[in-house]
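Please look over the sequence and the model before reading on.

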Amino acid sequence: NQNYELWTQAYPRDDIPHNNLAVNDQYLGQFDKALAETSESIRLNPEESTISRSNLVSFYALTNRLEEAKLAYQQTLARQAETWFLHDSRFAVAFLEGDTAEMERQLSWAAGKPGMEDGLLTHQADVEAFSGHLVKARELSRRAVESAEHADEAEDAAKNQMNAVLRDVEFGNGARVRSETASALARSSTTDIRVLAALALARAGDSDRAQKMADELYKESPLNTMINGYWVPIIRAAVA
């Protein structure tokens, strides 16, 4: 973030550092700042701001400004600047408002689109689980995994699978964690997947393996802020 701040000072007309600062601010829970940085990114480069405009919808939602989120969504569509994340963010707003018709519209938009369908399916699975429909949630997660595999997105497939595993753990169903985690890691063993695997194992009571994975993550990336300032402490807390 310090480098991005220096970048904005050295190149005040460059939109990129503002966009990237906004994403980092979101990870840090600084949603108002993320919104301000994204708005500045769009102001500096209004014609090439598809990603920032998509982020804007999400940041409005995170600051509980749902009407502005919906307006930003419509304005982005009017510019014919669509991304998967734009529709995913609109899906989230619809969920917060209990607008099932809009959620269905967003799911319909993503249906059959490689690399896009699986993300909305996995979030629809979470919606079903939120309503207590765990069997339906598992089926949607299975479809999300298959969709990502068909798009040759192995990491996304594994991430969708781990999302389902973590959800099962929260419902008290830890029996499937070992086999499902091993299956996900066989699909992809990137840092992100191993983080989720360690967290799932910790919450399921496999403390020794989870602690070992957390230690390995720390040793591999000692300067990674997100891993060592957020994920490793959460895994160790789950173990404790």
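Predicted model: local features only at pLDDT ≥ 70, side-chain atom pairs only at ≥ 80, totals over all residues.

Contact here means heavy atoms within 4.5 Å, and this is the sense in which one part is said to cover another in what follows.

**Helix H3**
- Helix H3 runs over residues 31-44, and because its 14 residues at 1.5 Å a residue should span 20 Å, the 20 Å between its end C-alpha atoms agrees with expectation.
- The buried residues of H3 are Ala34, Leu35, Glu37, Thr38, Ser41 and Ile42, and what covers them includes helix H2 (16-27) and helix H4 (50-62).

- The side chains of Lys33 and Glu5 form a salt bridge at 4.0 Å, N to O; Lys33 lies in helix H3 and Glu5 in helix H1 (residues 2-10), so the pair ties together parts that are 28 residues apart in sequence.
- Lys33 is partly exposed, with a relative accessible area of 36%, and Glu5 is partly exposed too, at 30%.
- Glu40 and Arg43 are joined by a salt bridge of 2.8 Å, N to O, and, being three residues apart in helix H3, they are separated by about one helical turn.
- Of this pair, Glu40 is partly exposed at 23% relative accessible area, whereas Arg43 is exposed at 55%.

**Other salt bridges**
- The count of salt bridges comes to 20, and one of them pairs Glu68 with Arg65 at 2.8 Å, N to O.
- Glu68 is partly exposed, with a relative accessible area of 32%, and Arg65 counts as partly exposed at 33%.
- Arg138, Asp168, Arg176 and Glu180 are linked in a network of salt bridges.

Technical notes. Residues numbered from 1 in each chain as written. Heavy atoms only, no water. Helix = DSSP H or I, 4+ residues; strand = E, 2+ residues; numbered from the N terminus. Expected span 1.5 Å × (residues − 1). Buried < 20%, exposed > 50% of the residue type's maximum accessible area, 1.4 Å probe, protein only.
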